[in-house]
Amino acid sequence: MQNMKKIFVLGGGIAGVTTAMGLKKLGFDVTIFYKKRAFSAYEGFSQKTKEGLLLNACKNASNLLEKQSLRNANWGETQNKVNYEFVVSRVLLDEALILDAKEFKIKCIKASVVKNTKFLEKKAVILYKKDSITFEAEADFIVDARGRFTPFKDEYINGPKSFSLLQELEMPNAVQSKTSIDSVEDGWIWQAYIGEKKGYIQFTCDEEAANKISNFQQMLEYINKQSLNLWSLEGSKPVKKLVKRDSFCKIHKTIVSDKFLLVGDSASSIDPLSGNGAFQALSMASVAPYVINTILNFPQNSETAKSFYKKRVEFIFNKFSKVGKEFYNLESRYKTNFWQKRQTWPKDEKELKKVPRIEEEGILKDKFIYPNEVVITENNPMGVWLFNNIDVVDLSKYCLENNRDKALKYFEEFCIKNSLIDKNIKILKKWLFSQKLLQFEV
Ligand SMILES: Cc1cc2nc3c(=O)[nH]c(=O)nc-3n(C[C@H](O)[C@H](O)[C@H](O)COP(=O)(O)OP(=O)(O)OC[C@H]3O[C@@H](n4cnc5c(N)ncnc54)[C@H](O)[C@@H]3O)c2cc1C
């Protein structure tokens with residue numbers, strides 16, 4: 001089905017390409033504007049990220065996540081071999097993603113989008129620069145996926161300002177694919193051997209320290225003060241220039257409107273310590289196309305769709321900001337500004353509403369977002385309405401409003417009415433108990 005509404009996706013990273021693919025599947029006329037990443041960087045991706053890329057038909061991109069490296073963590077006073085991660089060059093990943101988009105028959109224009117988007121009554125207008133010439137183009141909707149480069153600088157909420165200093169290395173002595181993360185007095189360091197005698201070191205520190213460092217030598221002086229065995233630096237030489245990348249938690253205040261939607265790091269980005277940014281970009285991109293489909297093709301549900309998306313982005317941001325804080329609190333040896341600021345941000349906020357409860361929220365159904373009652377529990381703060389493909393809202397509501405005996409009787413009738421087999425009855429009952437919708441016998 002061809003949906004003639006025209007959508008521009010600005011940025012061809014993970015979030016941009018996977019959102020574009022979702023929109024193309026819904027029949028929209030999609031164009032990605034992409035440019036080469038301004039710097040080279042390496043990152044560690046999880047198995048979940050690889051699966052997410054595959055699920056989104058990003059075959060070329062997922063092929064780059066081939067060889068896993070053992071990840072050591074020397075954090076606080078403990079040393080662990082934590083898990084494995086795929087070390088990936090972000091420049092190569094972007095190239096593979098654009099190839100995936102092209103194979104998916106999405107129009108891709110290599111060009112730099114300049115300035116902010118202009119919004120007219122019905123259309124959105126962008127300016128882009130290609131071969132030094134500036135062009136103007138009009139679309140019905142804009143997806144901004146320019147990552148941390150999305151220019152709404154004054155309009156976000158952020159945590160303590162961290163910067164990451166990145167240095168590529170030539171490592172003639174290295175043999176084994178490995179990575180490590182170490183907490184040090186002024187921040188933390190991620191090292192990776194990336195194969196073919198190449199390595200990488202990333203020092204994440206406070207803005208104040210980052211301002212004093214502008215080349216590899218200065219970074220060395222800084223990190224040599226930390227009593228640490230930096231295996232990536234043994235016999236190695238720097239390659240290319242040191243890169244400085246902002247890496248603090250931030251979330252835009254306006255994430256979605258009738259004309260635009262921010263996705264991935266453009267909407268909200270978290271401290272790379274949580275090591276999960278790529279997966280979060282995929283999570284947002286998995287729902288963004290349906291939100292846009294609702295805004296453009298089912299406008300009576302537009303407010304529900306916008307709220308559905310905003311809540312999800314905020315949830316991811318709040319959850320992973322807290323995860324970051326927990327990691328920082330595992331380190332108790334250092335009392336420097338770097339640690340103190342990050343051990344106390346974000347402020348603890350208690351959930352005031354009681355769980356479990358039933359509330360009206362947006363749900364995704366048949367490619368659109370609809371208002372619907374959902375069951376909110378401790379494990380499902382965004383709410384669920386389907387469990388194992390069964391609508392569980394009325395059942396949960398009954399269980400919450402009635403005593404245990406009545407609830408169990410209703411449950412039995414519910415299972416008969418829905419022709420549930422024994423195995424599924426057990427699973428559903430276990431779920432009701434685990435979500436505290438049904439009380440155990442005392
Ligand atoms: C220091 C650091 C380390 C990290 N380490 C990890 C890690 O180990 N694991 C992990 O999962 N996540 C990590 N992250 C997070 C991860 O980088 C992001 O969460 C993820 O890349 C988000 O994807 P995205 O598509 O939203 O943005 P990006 O990957 O940033 O993609 C944005 C794209 O837009 C393009 N673009 C930008 N401006 C324009 C323009 N004007 N015109 C056209 N195109 C443009 C860029 O070239 C780029 O291709 C790290 C982040 C930082 C800062």
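**Reading domains, helix packing and a ligand shell**

A: Across the boundary between domain 1 and domain 3, 15 residues of domain 1 are in contact with 10 residues of domain 3; two residues are in contact if their C-beta atoms, placed from the backbone, lie within 7 Å. The model is predicted: local features need pLDDT of at least 70, side-chain atom pairs count only at pLDDT 80 or more, and totals for chains, interfaces and linings use all residues. Residues are numbered from 1 along each chain as its sequence is written.

Q: Into which domains is the protein chain divided?

A: Domain bounds come from an automatic or database domain assignment. Here the chain has domain 1 (3-66 + 89-156 + 250-343), domain 2 (162-246) and domain 3 (357-434). Between domain 1 and domain 3, the C-alpha centres are 32 Å apart.

Q: Which elements give two or more residues to the side of domain 1 that touches domain 3?

A: Elements are DSSP runs numbered from the N terminus, helices being H or I with at least four residues and strands E with at least two. On this side of domain 1, α7 and α8 (302-329) each give two or more residues. Helix α8 gives the most, with seven residues. By class, this side of domain 1 has eight nonpolar, five polar and two charged residues. Ala, Val, Leu, Ile, Met, Phe, Trp, Tyr, Cys and Pro count as nonpolar, Asp, Glu, Lys and Arg as charged, and the others, Gly among them, as polar.

Q: At what angle do α7 and α8 pack?

A: Axes are lines fitted to C-alpha atoms, for helices over the stretch in contact, and angles run from 0 to 180 degrees between N-to-C directions. The axes of α7 and α8 lie 8 Å apart, and the helices pack at an angle of about 170 degrees. Helix α7 is therefore roughly antiparallel to α8 (angles under 35 degrees count as roughly parallel, over 145 as roughly antiparallel, 65 to 115 as roughly perpendicular and the rest as oblique). In α7, the contact includes Met284, Val287, Val291 and Ile295; among the residues they and others meet in α8 are Phe308, Tyr309, Ile316 and Phe320. The contact of α7 with α8 comprises 11 nonpolar, four polar and one charged residues.

Q: How do the axes of α1 and α4 cross?

A: Helix α1 (residues 14-25) and helix α4 (residues 90-103) have axes that come within 10 Å and cross at roughly 10 degrees. Helix α1 is therefore roughly parallel to α4. Ile14, Val17, Ala20 and Met21 of α1 meet Leu97, Asp100 and Ala101 of α4. This contact holds six nonpolar residues, no polar ones and one charged.

Q: Is the crossing of α2 and α7 left-handed or right-handed?

A: A crossing is left-handed if the near helix is turned anticlockwise from the far one by less than a right angle, and right-handed if clockwise. The axes of α2 (residues 47-55) and α7 (residues 277-297) come within 9 Å and cross at roughly 35 degrees; the crossing is left-handed. Lys48, Thr49 and Gly52 in α2 meet Ala278, Phe279 and Leu282 in α7. The residues of that contact are three nonpolar, two polar and one charged.

Q: How many residues surround the ligand, and which are the closest?

A: A residue is near a molecule or strand if its C-beta atom, placed from the backbone, lies within 6 Å of it. The ligand is surrounded by 37 residues, of which Gly11, Gly13, Gly147, Gly264 and Gly277 are the closest. Two or more shell residues come from each of α1, β2 (28-34), β3 (42-45), β7 (112-119) and α7. The largest share, four residues, belongs to α7. The shell divides into 13 nonpolar, 16 polar and eight charged residues. Domain 1 and domain 2 each supply at least three residues to the shell.

Q: Which peptide bond is cis, and where does its proline lie?

A: The bond from Trp345 to Pro346 is cis, with omega near 0 degrees. Pro346 is in the loop between α9 (337-343) and β20 (357-365). Another cis bond joins Val355 and Pro356, with omega about -5 degrees; Pro356 also lies in the loop between α9 and β20.

Q: What is the phi of Lys240, and in which strand does Lys240 lie?

A: Lys240 has a positive phi of about 60 degrees, although it is not a glycine. Lys240 lies in strand β16 (residues 237-246).
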